[in-house]
Amino acid sequence: MILIDGKKISAEMKQEIAAEVAIMKENGEKAPHLAAVLVGHDGGSETYVAYKIKDCEAVGFKSSLIRYEEDVTEDELLAKVHELNNDEDLDGFIVQLPLPKHISEQKVIEAIDPKKDVDGFHPINVGRMVIGLPSFVSATPFGIVELLKRYNIETSGKNCVVLGRSNIVGRPMSVLMSQKAINATVTVAHSRTKDLEEVCRNADILIVAMGVPEFVKGNMVKEGAVVIDVGTTRVKSDKTKSGFKLKGDVLFEEVAEKCSYITPVPGGVGPMTRVSLLYNTLLASKKTIYK
């Protein structure tokens, strides 16, 4: 069994991005500029945005953080999105989710200029990805594909089961895995799938994004499978200083011994999600996707 090290691969990608930014600066070009809009004080969102700003510094990007309190109106937030769309110094920006219940996340996502949508959530980017046009691909699926490539994991002709159907991970993941560059045969499964254990056992590559801690047990995985665990749920623990620990969607102790490759939680997919946002911002800065 080989443990897929997302920290190591993301560090390599950061070095590659930093080297490219250094060349851009030497050539008199401006550094890529990423902004994050943060509403309220959700603990997970605070941590994630702080990491993004730190990542920007590490690769030589300019970064901006725009904060709003929980009671910001939808109109105020949409006005800021419009302003960022028209800011010529800004290459890409994200509005950190989740948003308060009185704000329509979909309306905010659709208000973002697709050319600056480095999260890859806008319907235009999603549609372009589906038909194989250049697009910003959402960070987690992009990061997973990069892990498979960099570990030289064979995907062509393999049975891939994507467990979960969210718009952020499951659906785009299934599209990417079926495209010509990867050539897997893809099944999208979910909590209502009949004979779910049997469906999972047929997978050469099992990508789990259910959001349910330790959902996938040893009896759901065949010998030699590649297992990618997207889950990150904070659960109470008396074994850590914080009183919490992160658990994936896979019961690692049972599943790992049967795998050829597996991602740990933490340290697998998470770091790749973060570095993928930097990669998309670099693409936006260079006008690679939208000429």
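Guide: Let's start with a pair of side chains: R150 and E146 meet in a salt bridge, at 2.9 Å from N to O. Keep in mind that this is a predicted model.

Visitor: What makes R150 and E146 a salt bridge?

Guide: The rule asks for a side-chain nitrogen of Lys or Arg within 4 Å of a carboxyl oxygen of Asp or Glu. R150 and E146 come to 2.9 Å, N to O, so the pair qualifies. Side chains of opposite charge can pair when their charged atoms come close.

Visitor: How far apart are R150 and E146 along helix 6?

Guide: They are four residues apart in helix 6, which means about one helical turn separates them.

Visitor: Which residues are linked with E146 and R150 in a network of salt bridges?

Guide: K8, E12 and E16 are linked with them in that network. Across the structure, the count comes to 15 salt bridges.

Visitor: What separates E83 and K80 in helix 3?

Guide: About one helical turn, because E83 and K80 are three residues apart in helix 3. Their side chains meet in a salt bridge at 3.0 Å, N to O. K80 has a relative accessible area of 15%, under the 20% cut-off, so K80 is buried. E83 is partly exposed, at 48%.

Visitor: How do you know that E214 and K247 form a salt bridge?

Guide: Their closest N and O atoms are 3.6 Å apart, and the limit is 4 Å, so the pair counts. E214 lies in the loop between strand 7 and strand 8 and K247 in strand 10 (residues 244-247), so this pair ties together parts that are 33 residues apart in sequence. E214 is partly exposed at 22%, and K247 is partly exposed at 26%.

Visitor: Let's turn to rings. How many aromatic pairs does a search of the whole structure find?

Guide: The search finds three. In one of them, the rings of F142 and Y279 have their centres 5.0 Å apart and their planes at 25°.

Visitor: Why is the pair of F142 and Y279 called stacked?

Guide: Ring centres have to lie within 6.5 Å, and planes under 30 degrees apart count as stacked. With 5.0 Å and 25°, F142 and Y279 meet both conditions, so the pair is stacked. The pair links distant parts of the chain, with F142 in helix 6 (residues 139-150) and Y279 in helix 10 (residues 269-285), 137 residues apart. F142 is buried at 16%, while Y279 is partly exposed at 29%.

Visitor: What makes the pair of Y151 and Y261 edge-to-face?

Guide: Their ring centres are 6.3 Å apart, within the 6.5 Å limit, and their planes stand at 75°, over the 60 degrees needed, so the pair is edge-to-face. Y151 lies in the loop between helix 6 and strand 5 (159-163) and Y261 in strand 11 (residues 259-262), so the pair ties together parts that are 110 residues apart in sequence. Both Y151 and Y261 are buried.

Visitor: Where on the surface does D75 belong, and why is D75 called exposed?

Guide: D75 gathers with D42, E69, E70, D71 and E76 in a patch of negative charge on the surface. D75 is found in helix 3 (residues 74-85). Exposed means over 50%, and D75 has 58% relative accessibility, so D75 counts as exposed.

Visitor: Which residues form a nonpolar patch on the surface?

Guide: V126, V130, I131 and L133 do, with about 340 Å² of accessible area together. V130 is in helix 5 (residues 123-130).

Visitor: What is noted about phi of D195?

Guide: Phi of D195 is near 50°, a positive value in a residue other than glycine. D195 sits in the loop between strand 6 and helix 8 (196-201). At 62%, D195 is over the 50% cut-off, so D195 is exposed.

Visitor: Which residues does a cis peptide bond join, with omega about 0°?

Guide: L97 and P98 are joined that way. P98 lies in the loop between strand 4 (92-95) and helix 4 (105-111). The peptide bond from V265 to P266 is cis too, with omega near 0°.

Technical notes: Residues are numbered from 1 along each chain as its sequence is written. This is a predicted model: local features need pLDDT of at least 70, side-chain atom pairs count only at pLDDT 80 or more; totals for chains, interfaces and linings use all residues. Side-chain values use heavy atoms; hydrogens and water are left out. Patches are made of residues with over 30% relative accessible area and no salt bridge: like charges are joined within 9 Å, nonpolar side chains (Val, Leu, Ile, Met, Phe, Trp, Tyr) within 5 Å. Accessible areas come from the Shrake-Rupley method with a 1.4 Å probe; for residues, only the protein chains shown count as cover. Lys and Arg count as positive and Asp and Glu as negative; His and the chain ends are not counted. The place of a charge is taken as NZ of Lys, CZ of Arg, CG of Asp or CD of Glu. Helices (H or I, at least four residues) and strands (E, at least two) are DSSP runs, numbered from the N terminus. Buried means under 20% relative accessible area, exposed over 50%, partly exposed in between (1.4 Å probe, protein chains only). Rings of Phe, Tyr and Trp (its six-membered ring) pair if their centres lie within 6.5 Å; planes under 30 degrees apart count as stacked, over 60 as edge-to-face and the rest as tilted.
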